[in-house]
Amino acid sequence: FFKPPNFAIIAAASENWGIGINNGLPWKLKLDMKYFEQTTKRVLPSNSADNEIQNALIMGRNTWESIPPKFQPLKNRLNIVISKSLKETKGADHVIYPSLDEAITNLMDSSSELSSKVSRIFIIGGAQIYKETINSPYCSYILLTRVYKHFECDTFFPEIDEQIFSLASHEELEEVVGEKVQKGCQTENGIEFEFLLYKRRI
Ligand code: FOL
C-alpha cells in the first residue's frame, strides 16, 4: 500500500505512449474505465469505519476539463485541480491549487483539514502533471494500463526510467489495488490491453 506523502500515478497509454487527443481519451475502453473508477474509489483498509475518508485525485486543468460533465467531479473522491487561472468558487465540488507542490504539501500536512479526510493520493494526469510527478521520490507506483495498439495522439506519457521503476508481479498489483485484477491481455472493441504495475526501486 501507499500512504501520503507517497502517491501513485494511474494512466492508460497506447503502444506509442499516447494518452490523449483533442482533450479526450483516444479510445473507448469500458473495462479500463471501470478499473480506473474502482481503483481510485477504493479506500483501504476496507473495514475503515470513517465514511468521511476518501482518496484524493490530483489532476491538471486540461484533464479536469476533459472529464464529461456528468462525471465531474469524479464522485466519492476528493477532486484536486492544479491551475493558476481557475478560481475557487463557493460550495464548489472540487479544490483548486495553483501548483502541484502546494497541493501535495497541504495533503501531507497532518494538521490540515484536508489531510485528515484523505486516504490515498492518485495522480490522474495529464501529460504535464505526470511529467512533474514521475520523478518525485514520493511517486511509489505507476498503475499503467498498456493499450497494445498505435493511436494518433497529441499528449504522451513521460518516459519510464527502468533504472528507477521496475515492472512488478501481478500479485503485487492486486495487493496495491486491494482486489483481484484481470491478469494478462484482454480485448475490448478489438483493442488489446493489460493492467500493469511499475514500482519504484529506490
Ligand atoms: N487511467 C486509466 N487506467 N484509464 C484512463 O482512462 C484514465 N484516464 C484518466 C486518468 N487515468 C486513467 C483521465 N481521464 C473519467 C474520464 C476521463 C479521465 C478519467 C476519468 C471519468 O469520467 N470517470 C468516471 C467513470 C466514467 C464511466 O464509467 O464511463 C469515474 O467515475 O471514474
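Figure 1. P73 sits in the loop between α2 (61–66) and β4 (78–82). Helices and strands here are DSSP runs, numbered from the N terminus (helices: H or I, at least four residues; strands: E, at least two). The peptide bond from Q72 to P73 is cis, with omega near 0 degrees. This is a predicted model: local features need pLDDT of at least 70, side-chain atom pairs count only at pLDDT 80 or more, and totals for chains, interfaces and linings use all residues. Residues are numbered from 1 along each chain as its sequence is written, and side-chain values use heavy atoms, with hydrogens and water left out.

**Figure 2. A cis bond between two glycines.** G125 and G126 are joined by a cis peptide bond. Its omega is about 0 degrees. G126 belongs to the loop between β6 and α4 (127–134). Most peptide bonds are trans.

**Figure 3. Two residues with positive phi.** Most residues other than glycine have a negative phi. W17 has a phi near 65 degrees, a positive value. W17 lies in the loop between β1 and β2. Its relative accessibility is 28%, so W17 counts as partly exposed. N22 has a positive phi too, near 50 degrees. The loop between β2 and α1 holds N22. N22 counts as exposed because its relative accessibility is 68%. The cut-offs are these: buried means under 20% relative accessible area, exposed over 50%, and partly exposed in between (1.4 Å probe, protein chains only).

Figure 4. S115 lies in the loop between α3 (100–108) and β6 (118–123). Buried or exposed? S115 is buried, with a relative accessible area of 15%. A polar atom of the S115 side chain lies 2.8 Å from the backbone oxygen of D109. The S115 side chain also reaches the backbone oxygen of S110, at 3.4 Å. Both are polar contacts. Such a contact is a pair of N or O atoms within 3.5 Å; within protein, one must be able to donate a hydrogen and the other to accept it, and residues adjacent in sequence count only if both atoms are side-chain atoms. Leaving out residues up to four places away in sequence, S115 touches N106, L107, D109 and S110. Contact means heavy atoms within 4.5 Å.

**Figure 5. L25 and its contacts.** L25 is in the loop between β2 (18–20) and α1. Which residues does L25 contact, leaving aside neighbours within four places in sequence? They are I19 and M33. L25 and C153 are 128 residues apart in sequence. Their C-alpha atoms are 8.9 Å apart in space.

Figure 6. The ligand is surrounded by 17 residues. The closest are I10, D32, R77, I124 and T145. A residue is near a molecule if one of its heavy atoms lies within 4 Å of it. The side chain of D32 has an N or O atom 2.6 Å from a nitrogen atom of the ligand. The side chain of R77 has an N or O atom 2.7 Å from an oxygen atom of the ligand. I10 uses a backbone N or O atom, 3.3 Å from a ligand nitrogen atom. Two elements give two or more residues to the shell: β1 (7–14) and α1 (30–41). The largest share, 4 residues, comes from α1.
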